[in-house]
Amino acid sequence: MVSGAAAPVTSNPSARVIYLIRGLASEETREQSLDVLCKNRLTYDNLAVLLWKSFGTMSVLLQIITSAYRALSSDGLTEKALTQVCNAIALFQSVAFHPDTRIPFIRATMPVYLYPFLNTMSNERSYECLRITSLGVIGSLAKVEDAEVIEYLLSTQIFPSCLRCMEVGKTLSRTVSTFIIYRILLSEKGLKYCFVLAERYLSVSQCLGKLVENLSEDDAENLPCLLRNIIGCYLRLSENERTRPQLSSYVPWKLLDGKYANIVRSDPKALANLRQLVCNLRTSKSCTTHCTDEPPTSSNSPGPSIP
(Lines give C-alpha, C1' and ligand atoms only; values in the text may rest on other atoms or scores of the structure.)
Protein backbone atom coordinates (compact mmCIF):
# COMPACT_ATOMS: atom_id res chain seq x y z
CA MET A 1 0.00 0.00 0.00
CA VAL A 2 1.15 3.53 -0.74
CA SER A 3 1.79 5.25 2.58
CA GLY A 4 2.79 8.67 1.35
CA ALA A 5 1.51 11.10 -1.24
CA ALA A 6 4.85 11.89 -2.81
CA ALA A 7 6.35 9.42 -5.23
CA PRO A 8 9.81 8.07 -4.35
CA VAL A 9 12.81 9.59 -6.03
CA THR A 10 13.70 7.29 -8.92
CA SER A 11 15.32 7.51 -12.32
CA ASN A 12 12.66 5.16 -13.71
CA PRO A 13 9.64 7.20 -14.90
CA SER A 14 7.46 4.09 -15.18
CA ALA A 15 8.11 3.18 -11.56
CA ARG A 16 7.11 6.68 -10.48
CA VAL A 17 3.91 6.53 -12.54
CA ILE A 18 3.00 3.10 -11.17
CA TYR A 19 3.56 4.37 -7.63
CA LEU A 20 1.27 7.33 -8.21
CA ILE A 21 -1.39 5.19 -9.89
CA ARG A 22 -1.40 2.89 -6.88
CA GLY A 23 -1.91 5.96 -4.77
CA LEU A 24 -5.30 6.46 -6.40
CA ALA A 25 -6.64 3.38 -4.61
CA SER A 26 -6.29 4.97 -1.18
CA GLU A 27 -8.41 7.90 -0.07
CA GLU A 28 -5.45 9.14 1.95
CA THR A 29 -3.21 9.57 -1.11
CA ARG A 30 -5.80 9.90 -3.89
CA GLU A 31 -5.99 13.68 -3.99
CA GLN A 32 -2.25 14.30 -4.30
CA SER A 33 -1.70 11.35 -6.62
CA LEU A 34 -4.39 12.73 -8.92
CA ASP A 35 -2.83 16.17 -8.80
CA VAL A 36 0.70 14.97 -9.62
CA LEU A 37 -0.48 12.63 -12.40
CA CYS A 38 -2.61 15.35 -13.95
CA LYS A 39 0.10 18.01 -13.87
CA ASN A 40 2.66 15.64 -15.39
CA ARG A 41 0.43 13.68 -17.76
CA LEU A 42 2.09 15.12 -20.86
CA THR A 43 5.55 14.03 -19.70
CA TYR A 44 4.63 10.41 -18.97
CA ASP A 45 4.58 8.64 -22.34
CA ASN A 46 3.11 5.42 -21.01
CA LEU A 47 0.62 6.96 -18.59
CA ALA A 48 -2.47 6.13 -20.65
CA VAL A 49 -1.55 2.47 -21.04
CA LEU A 50 -0.72 2.10 -17.35
CA LEU A 51 -3.96 3.79 -16.31
CA TRP A 52 -5.99 1.54 -18.58
CA LYS A 53 -4.26 -1.72 -17.65
CA SER A 54 -3.80 -1.13 -13.91
CA PHE A 55 -6.37 -3.16 -12.01
CA GLY A 56 -9.23 -1.06 -10.69
CA THR A 57 -7.78 2.31 -11.72
CA MET A 58 -10.42 3.24 -14.30
CA SER A 59 -13.11 2.24 -11.80
CA VAL A 60 -11.61 4.63 -9.26
CA LEU A 61 -11.58 7.45 -11.82
CA LEU A 62 -15.19 6.68 -12.73
CA GLN A 63 -16.14 6.74 -9.06
CA ILE A 64 -14.60 10.20 -8.71
CA ILE A 65 -16.31 11.49 -11.85
CA THR A 66 -19.78 10.13 -11.10
CA SER A 67 -19.60 11.44 -7.53
CA ALA A 68 -20.19 14.89 -9.02
CA TYR A 69 -23.61 14.04 -10.47
CA ARG A 70 -25.64 14.46 -7.31
CA ALA A 71 -23.54 17.36 -6.06
CA LEU A 72 -24.13 19.27 -9.30
CA SER A 73 -27.89 18.78 -9.14
CA SER A 74 -27.91 20.31 -5.67
CA ASP A 75 -25.20 22.94 -6.25
CA GLY A 76 -23.20 21.23 -3.52
CA LEU A 77 -19.91 20.61 -5.36
CA THR A 78 -17.02 21.92 -3.28
CA GLU A 79 -13.87 23.41 -4.76
CA LYS A 80 -11.86 20.42 -3.58
CA ALA A 81 -14.27 17.94 -5.15
CA LEU A 82 -14.38 19.98 -8.38
CA THR A 83 -10.59 19.85 -8.67
CA GLN A 84 -10.53 16.09 -8.15
CA VAL A 85 -13.25 15.49 -10.73
CA CYS A 86 -11.54 17.70 -13.31
CA ASN A 87 -8.22 15.94 -12.67
CA ALA A 88 -9.87 12.54 -13.15
CA ILE A 89 -11.43 13.72 -16.42
CA ALA A 90 -8.04 15.03 -17.56
CA LEU A 91 -6.61 11.54 -17.05
CA PHE A 92 -9.50 10.23 -19.15
CA GLN A 93 -8.27 12.55 -21.88
CA SER A 94 -4.83 10.91 -21.81
CA VAL A 95 -6.45 7.50 -22.31
CA ALA A 96 -8.72 8.85 -25.06
CA PHE A 97 -5.81 10.30 -27.02
CA HIS A 98 -3.32 7.44 -26.83
CA PRO A 99 -3.43 5.19 -29.93
CA ASP A 100 -3.17 1.99 -27.86
CA THR A 101 -6.06 2.83 -25.52
CA ARG A 102 -8.37 4.99 -27.66
CA ILE A 103 -10.44 2.18 -29.21
CA PRO A 104 -10.72 0.10 -26.01
CA PHE A 105 -11.77 3.33 -24.28
CA ILE A 106 -14.70 3.96 -26.62
CA ARG A 107 -15.65 0.27 -26.86
CA ALA A 108 -16.04 0.37 -23.08
CA THR A 109 -18.33 3.44 -23.62
CA MET A 110 -16.32 5.44 -21.09
CA PRO A 111 -17.06 8.87 -22.65
CA VAL A 112 -20.80 8.59 -21.91
CA TYR A 113 -20.04 9.19 -18.23
CA LEU A 114 -18.97 12.71 -19.22
CA TYR A 115 -22.12 13.58 -21.15
CA PRO A 116 -24.04 14.83 -18.07
CA PHE A 117 -21.45 17.59 -17.79
CA LEU A 118 -21.98 18.54 -21.43
CA ASN A 119 -25.75 18.75 -21.07
CA THR A 120 -25.90 21.22 -18.19
CA MET A 121 -27.43 24.60 -18.97
CA SER A 122 -25.50 26.74 -16.50
CA ASN A 123 -22.33 28.67 -17.30
CA GLU A 124 -21.29 29.16 -13.69
CA ARG A 125 -17.65 28.41 -12.98
CA SER A 126 -18.01 24.85 -11.66
CA TYR A 127 -20.25 23.82 -14.55
CA GLU A 128 -17.95 25.46 -17.07
CA CYS A 129 -14.85 23.75 -15.65
CA LEU A 130 -16.51 20.35 -15.94
CA ARG A 131 -17.84 21.20 -19.40
CA ILE A 132 -14.53 22.28 -20.90
CA THR A 133 -12.57 19.41 -19.32
CA SER A 134 -15.10 16.89 -20.64
CA LEU A 135 -15.02 18.49 -24.08
CA GLY A 136 -11.25 18.03 -24.02
CA VAL A 137 -11.76 14.26 -23.85
CA ILE A 138 -14.19 14.25 -26.79
CA GLY A 139 -11.93 16.63 -28.72
CA SER A 140 -8.99 14.26 -28.27
CA LEU A 141 -11.08 11.50 -29.81
CA ALA A 142 -12.39 13.66 -32.64
CA LYS A 143 -9.05 15.08 -33.75
CA VAL A 144 -7.93 11.64 -34.95
CA GLU A 145 -9.22 10.41 -38.31
CA ASP A 146 -10.82 7.14 -37.26
CA ALA A 147 -14.09 5.84 -38.69
CA GLU A 148 -14.87 3.83 -35.54
CA VAL A 149 -14.47 6.92 -33.35
CA ILE A 150 -16.84 8.95 -35.54
CA GLU A 151 -19.33 6.08 -35.58
CA TYR A 152 -19.18 5.92 -31.80
CA LEU A 153 -19.62 9.67 -31.29
CA LEU A 154 -22.62 9.78 -33.60
CA SER A 155 -24.21 6.75 -31.96
CA THR A 156 -23.96 8.37 -28.53
CA GLN A 157 -25.55 11.67 -29.54
CA ILE A 158 -22.47 13.84 -29.00
CA PHE A 159 -23.70 16.07 -31.83
CA PRO A 160 -26.63 17.67 -29.94
CA SER A 161 -24.54 17.83 -26.76
CA CYS A 162 -21.90 19.88 -28.56
CA LEU A 163 -24.55 22.14 -30.06
CA ARG A 164 -25.79 22.78 -26.54
CA CYS A 165 -22.26 23.63 -25.39
CA MET A 166 -21.94 26.04 -28.31
CA GLU A 167 -25.01 27.85 -27.01
CA VAL A 168 -24.46 27.95 -23.25
CA GLY A 169 -20.70 27.63 -22.79
CA LYS A 170 -18.13 30.38 -22.62
CA THR A 171 -15.68 31.09 -25.43
CA LEU A 172 -13.28 28.21 -24.76
CA SER A 173 -16.11 25.67 -24.48
CA ARG A 174 -17.64 27.05 -27.65
CA THR A 175 -14.31 26.78 -29.41
CA VAL A 176 -13.75 23.12 -28.47
CA SER A 177 -17.36 22.06 -29.10
CA THR A 178 -17.31 23.75 -32.52
CA PHE A 179 -14.03 21.98 -33.27
CA ILE A 180 -15.69 18.63 -32.48
CA ILE A 181 -18.62 19.42 -34.77
CA TYR A 182 -16.16 20.42 -37.50
CA ARG A 183 -14.16 17.22 -37.15
CA ILE A 184 -17.36 15.18 -37.37
CA LEU A 185 -18.49 17.09 -40.45
CA LEU A 186 -15.16 16.39 -42.15
CA SER A 187 -16.12 12.73 -42.34
CA GLU A 188 -18.64 11.67 -44.97
CA LYS A 189 -20.64 9.79 -42.37
CA GLY A 190 -20.73 12.84 -40.13
CA LEU A 191 -21.84 15.11 -42.97
CA LYS A 192 -24.56 12.65 -43.96
CA TYR A 193 -25.69 12.53 -40.32
CA CYS A 194 -26.09 16.30 -40.37
CA PHE A 195 -28.16 16.35 -43.57
CA VAL A 196 -30.32 13.27 -43.03
CA LEU A 197 -32.85 15.33 -41.04
CA ALA A 198 -33.83 18.85 -42.02
CA GLU A 199 -34.27 19.77 -38.35
CA ARG A 200 -30.72 18.69 -37.55
CA TYR A 201 -29.23 20.68 -40.42
CA LEU A 202 -31.31 23.68 -39.38
CA SER A 203 -30.13 23.37 -35.77
CA VAL A 204 -26.47 23.34 -36.84
CA SER A 205 -26.91 26.32 -39.17
CA GLN A 206 -28.76 28.37 -36.60
CA CYS A 207 -26.34 27.49 -33.82
CA LEU A 208 -23.37 28.58 -35.93
CA GLY A 209 -25.21 31.77 -36.81
CA LYS A 210 -25.78 32.58 -33.13
CA LEU A 211 -22.10 31.97 -32.45
CA VAL A 212 -21.13 34.50 -35.10
CA GLU A 213 -23.61 37.10 -33.86
CA ASN A 214 -22.30 36.73 -30.30
CA LEU A 215 -18.59 36.75 -31.11
CA SER A 216 -16.68 38.76 -28.54
CA GLU A 217 -13.47 40.47 -29.53
CA ASP A 218 -12.61 40.74 -25.83
CA ASP A 219 -11.41 37.14 -25.84
CA ALA A 220 -8.54 37.69 -28.25
CA GLU A 221 -6.79 34.45 -27.25
CA ASN A 222 -9.57 32.06 -28.29
CA LEU A 223 -11.33 34.12 -30.98
CA PRO A 224 -9.07 33.10 -33.91
CA CYS A 225 -9.52 29.39 -33.12
CA LEU A 226 -13.26 29.77 -32.72
CA LEU A 227 -13.49 31.63 -36.02
CA ARG A 228 -11.41 28.96 -37.77
CA ASN A 229 -13.76 26.24 -36.52
CA ILE A 230 -16.90 28.18 -37.46
CA ILE A 231 -15.57 28.85 -40.96
CA GLY A 232 -14.63 25.19 -41.33
CA CYS A 233 -18.13 24.06 -40.35
CA TYR A 234 -19.79 26.48 -42.75
CA LEU A 235 -17.45 25.51 -45.56
CA ARG A 236 -18.24 21.83 -45.11
CA LEU A 237 -21.98 22.55 -45.08
CA SER A 238 -21.62 24.71 -48.20
CA GLU A 239 -20.26 21.77 -50.16
CA ASN A 240 -23.77 20.38 -50.39
CA GLU A 241 -25.10 22.03 -53.54
CA ARG A 242 -28.70 21.09 -52.79
CA THR A 243 -28.84 23.05 -49.53
CA ARG A 244 -26.36 25.79 -50.43
CA PRO A 245 -29.03 28.39 -51.32
CA GLN A 246 -30.67 27.92 -47.91
CA LEU A 247 -27.32 28.05 -46.14
CA SER A 248 -26.57 31.48 -47.58
CA SER A 249 -29.55 32.84 -45.65
CA TYR A 250 -28.21 31.46 -42.36
CA VAL A 251 -24.59 32.66 -42.63
CA PRO A 252 -24.39 36.13 -41.03
CA TRP A 253 -22.74 38.58 -43.41
CA LYS A 254 -20.87 39.75 -40.33
CA LEU A 255 -18.65 36.68 -40.68
CA LEU A 256 -17.72 37.60 -44.24
CA ASP A 257 -16.58 41.17 -43.72
CA GLY A 258 -12.99 42.31 -43.59
CA LYS A 259 -12.79 42.54 -39.80
CA TYR A 260 -12.90 38.80 -39.24
CA ALA A 261 -10.75 38.14 -42.29
CA ASN A 262 -8.07 40.23 -40.60
CA ILE A 263 -8.35 38.17 -37.41
CA VAL A 264 -7.66 34.90 -39.25
CA ARG A 265 -5.20 36.40 -41.75
CA SER A 266 -2.26 34.87 -39.86
CA ASP A 267 -3.81 31.43 -40.45
CA PRO A 268 -3.48 30.70 -44.19
CA LYS A 269 -5.79 27.69 -44.09
CA ALA A 270 -8.56 29.53 -42.24
CA LEU A 271 -8.30 32.48 -44.61
CA ALA A 272 -8.39 30.18 -47.64
CA ASN A 273 -11.44 28.43 -46.19
CA LEU A 274 -13.17 31.77 -45.68
CA ARG A 275 -12.51 32.75 -49.28
CA GLN A 276 -13.77 29.39 -50.48
CA LEU A 277 -16.90 29.79 -48.35
CA VAL A 278 -17.59 33.18 -49.91
CA CYS A 279 -17.10 31.61 -53.30
CA ASN A 280 -19.48 28.75 -52.57
CA LEU A 281 -22.19 31.09 -51.33
CA ARG A 282 -22.16 33.30 -54.39
CA THR A 283 -24.79 32.69 -57.00
CA SER A 284 -22.56 33.73 -59.94
CA LYS A 285 -20.90 30.77 -61.66
CA SER A 286 -17.99 33.01 -62.61
CA CYS A 287 -16.82 33.06 -58.99
CA THR A 288 -15.01 29.76 -59.48
CA THR A 289 -12.18 31.59 -61.19
CA HIS A 290 -11.43 33.41 -57.95
CA CYS A 291 -11.57 30.55 -55.46
CA THR A 292 -7.84 30.01 -55.20
CA ASP A 293 -6.71 33.57 -55.82
CA GLU A 294 -7.51 36.94 -54.36
CA PRO A 295 -11.26 37.51 -54.54
CA PRO A 296 -12.54 40.20 -56.86
CA THR A 297 -12.94 43.71 -55.52
CA SER A 298 -15.16 45.02 -58.25
CA SER A 299 -18.52 46.34 -57.10
CA ASN A 300 -20.08 44.30 -59.90
CA SER A 301 -19.03 41.04 -58.23
CA PRO A 302 -21.90 39.30 -56.44
CA GLY A 303 -21.66 38.75 -52.70
CA PRO A 304 -18.97 39.89 -50.28
CA SER A 305 -15.27 39.70 -50.97
CA ILE A 306 -12.39 38.96 -48.63
CA PRO A 307 -9.47 41.30 -49.27
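Mentor: Buried means under 20% relative accessible area, exposed means over 50%, and partly exposed lies in between, using a 1.4 Å probe and protein chains only. The model is predicted, so local features need pLDDT of at least 70 and side-chain atom pairs count only at pLDDT 80 or more, while totals for chains, interfaces and linings use all residues. Residues are numbered from 1 along each chain as its sequence is written, and side-chain values use heavy atoms, with hydrogens and water left out.

Trainee: Thanks! How many helices and strands are there in the chain?

Mentor: Both kinds of element are DSSP runs numbered from the N terminus: helices are H or I runs of at least four residues, and strands are E runs of at least two. Counted that way, the chain has 17 helices and 0 strands.

Trainee: What percentage of the 307 residues is buried?

Mentor: Here we apply the accessibility cut-off to each residue, with buried set at under 20%. Out of 307 residues in the chain, the buried share is 52%.

Trainee: Of the contacts between residues at least 6 apart in sequence, what percentage joins residues at least 24 apart?

Mentor: A contact means heavy atoms within 4.5 Å. Among those between residues at least 6 apart, the share joining residues at least 24 apart is 68%.

Trainee: Let's look at one helix. How many of the 11 residues of H10 are buried?

Mentor: The buried residues of H10 are Ile158, Phe159, Ser161, Cys162, Leu163, Cys165, Met166 and Val168. They pack against H7 (115–118), H8 (125–142), H9, H11 (171–186), H12 and H13. H10 is mostly covered, and its buried count is 8 of 11.

Trainee: Which residues does Ser161 touch, leaving out those up to four places away in sequence?

Mentor: Ser161 sits in helix H10, residues 158–168. It counts as buried because its relative accessibility is 4%. Beyond its neighbours up to four places away, Ser161 touches Leu118 and Asn119.

Trainee: How many salt bridges does the structure hold?

Mentor: Side chains of opposite charge can pair when their charged atoms come close. A salt bridge here is a side-chain nitrogen of Lys or Arg within 4 Å of a carboxyl oxygen of Asp or Glu. By that rule, the structure holds 9.

Trainee: What is the N to O distance between Asp35 and Lys39?

Mentor: Both residues lie in helix H2 (residues 27–39), 4 residues apart, about one turn of the helix. Asp35 is partly exposed at 26%, while Lys39 counts as exposed at 64%. Their side chains meet in a salt bridge with an N to O distance of 3.2 Å.

Trainee: Which residue meets Glu151 in a salt bridge, and how many residues apart in sequence are the parts they tie together?

Mentor: The partner of Glu151 is Lys189, at 2.7 Å from N to O. Glu151 is in helix H9 (residues 147–155) and Lys189 in helix H12 (residues 188–195), so the pair ties together parts whose separation in sequence is 38 residues.

Trainee: Which residues have the most contacts inside the largest nonpolar core?

Mentor: A nonpolar core is a set of buried Ala, Val, Leu, Ile, Met, Phe, Trp, Tyr and Cys residues joined through side-chain atoms within 4.5 Å. Leu237 touches residues including Leu185, Phe195, Tyr201 and Leu247. The largest core has 96 residues, and those with the most contacts inside it are Phe92, Phe159, Leu237 and Leu255.

Trainee: Which helix gives the most to the lining of the largest pocket?

Mentor: On a 1 Å grid over the protein atoms alone, a pocket is an open set of points where a 1.4 Å probe fits, with protein on both sides within 12 Å along at least five of seven lines, and lining residues have an atom within 4 Å of a point. The lining of the largest pocket includes Arg41, Tyr44, Gln93 and Ser140. Helices H3 (47–53) and H5 (79–97) are the elements that give two or more residues to it. With 3 residues, the one giving the most is H5.
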